[in-house]
Amino acid sequence: MNDIKQYEILLIDDDRITLRGVCANLELEGYGVTIADSGASAIRIINKKNFDLVITDLVMYPIDGIEVLKKVKEINPETVVIIFTAHADISSAIDAIRFDADDYLTKPYEVDELYFKVANCLQKLEYRRKMKATEKALRESEKNFRALAENANDGILIAVSKTRHVYVNKRLSQITGYSTSELLKIDIRKLVSPDNFKKINENNKKRLEGKSVPISYEINILHKKGTTVPAEVTEARTVWQGQSAFLAFIRDITERRHANEKLRIKDSAIESSINAIAFLDFQNNLTYVNRSFLELLGYDDVEEVLGRSATEFLQDKKTFSIKVKKLYKKGSWIGELVVTRKDESVFYAQISASIVTDVADEPVLIMLSFIDISENKRMEEALRKSNEELERRVKERTLKLVAAANELERRQRELLYHKSELEKVNEELLETNRALTVLARNIERKKEEVKKRIALTISSRIMPILEKIKKDKSLKPKNRETELDILSAHLHELTSDLADGNDIIFSLSSSELRVATMIKNGLTSRQIASQLNISLLTVKSHRKNIRKKLGIQNCDINLAAYLKAKA
């Protein structure tokens, strides 16, 4: 396509916001744009100036888009025309195609779709101009035509009959997969499907009858490898070497199909979305709603809602209006509002609102998305009540626990007090027990000491006197020997009981006992002899007898240590 700056476009719409938005988008792409805000002003401009492309709104008063279309075609049939219409007026737009409109564009429009359709229509314009140039070239010089055709981006075919092709260019060979020599011999029915061949024949028949037929139409080319190639055919009658001939420009539109499919998928995704989606103009009027919107609000027909203000469906109209105004600064908003259905029932909806802009970042429409959150609200309310009940029970239980804890603390204090008292009593008892133990030990020690003194006294003093009496007949009482023996036996028995297993005291004589006591206390033999006023030899004799009586003949055993151990 040529430099887009050379094209002149006339844009007509009585909605000034749409007019400015579309104009800005086209100028951003580099197109020269003239605007008209009514059908009447558009016709005045058309009478003064020719345009390559006219984009006109369909519904205008008093002169609508159809009248503008007829006037444009009357002045210059070559000018291409796009009808601009709301979604609900698509049937009227299709009718406009019958009056030679080249395409239509629905409101609200996608910027990419606008660019695509403008570019497509200008390409058609270029094709028509090329065809005219080609026909002129054919008439002027076949040589010039061939040079033009071989460098064309479209496939070119000239046929004088269904089976006789007189010219094909290289580009057609690339599109079909056949060589140019094969294409000159091939039957056209091998290049297209039966339905497409029927369509081509019908168009040729109408053209021969002088009837109006589309200059361009789409078919599927059958590639040599068995695949199909979508193509746009622009055809006309011409003369080839003096014969009436059929001229066709064939363009591979695979990429265009892909682009159209992407647009179709996008439209289908919005239309089939499970979320209710609506488009608003900047007066908050609905310009488009999808099926989910109708189902959610209980409407059957899109005509029941289009053109109505979105606030008609909301209970809190003021809040919504405020939020929409803020959209221009923030770009988006998410909130919850109560929505009214057709049957006057209401539901809670989460509404996502956003400003849709064009490539120039100019706002073109407002998009709303609705999600019914009534069930969530009911669950939230049930959860809130459940939480309140739980909090009430927790408070009651907490009060009971606090009371129980206080009672437990009181009893614990009582137990601690009793424990303290018991510990005091126990300590007193322990002190008493310790005192009694000490007392008992002292008593026992005193008792043992008394026993020992008694036993010592009996053995060391009384028993020797009694033995002396028994041996000295002058001292022995007459007829008292038996009594003395009994007394001696009793005293011996008494000393045996008092000894409590200690034989040292009773096995030694009084002299030996005194010597043994001094040895135990650590005195030497000389010290003992000096204190008792006896000879050293006598002390040694006593020591020998003590060892003998105690059964310690082994001299390695220390006598003093032994006596201390037995004490």
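I looked up Glu512 to begin with, and found that Glu512 is buried, with a relative accessible area of 5%. I note that this is a predicted model, and I read every value below with that in mind.

I then asked which residue pairs with Glu512 in a salt bridge. The partner is Lys549, and the closest N and O atoms are 2.7 Å apart. This pair links distant parts of the chain, since Glu512 sits in helix H16 and Lys549 in helix H18 (residues 536-550), 37 residues apart. Lys549, at 41% relative accessibility, counts as partly exposed, because that label covers values between 20% and 50%.

I stayed with helix H16 (residues 510-520) and listed its buried residues, which include Leu513, Val515, Ala516 and Ile519 as well as Glu512. I wrote beside this that an α-helix has 3.6 residues a turn, so residues three or four places apart point the same way. After H16 comes Gly522, which has a positive phi, near 95 degrees.

Next I checked Asp57, which forms a salt bridge with Lys107, with 3.5 Å between the closest N and O atoms. Here, too, distant parts of the chain are linked, for Asp57 lies in strand E3 (residues 53-57) and Lys107 in strand E5 (residues 103-107), 50 residues apart. Asp57 is buried at 5% relative accessibility, and Lys107 counts as buried at 17%.

I also recorded that the salt bridges come to 34 by the rule used, and that Asp52, Glu78, Glu126 and Arg129 are linked in a network of them.

Last, I looked for disulfides and found 0 in the structure.

Definitions and conventions. Residues numbered from 1 in each chain as written. Predicted model: local features only at pLDDT ≥ 70, side-chain atom pairs only at ≥ 80, totals over all residues. Heavy atoms only, no water. Buried < 20%, exposed > 50% of the residue type's maximum accessible area, 1.4 Å probe, protein only. Helix = DSSP H or I, 4+ residues; strand = E, 2+ residues; numbered from the N terminus. Disulfide = S-S within 2.5 Å. Salt bridge = Lys/Arg side-chain N within 4 Å of Asp/Glu carboxyl O.
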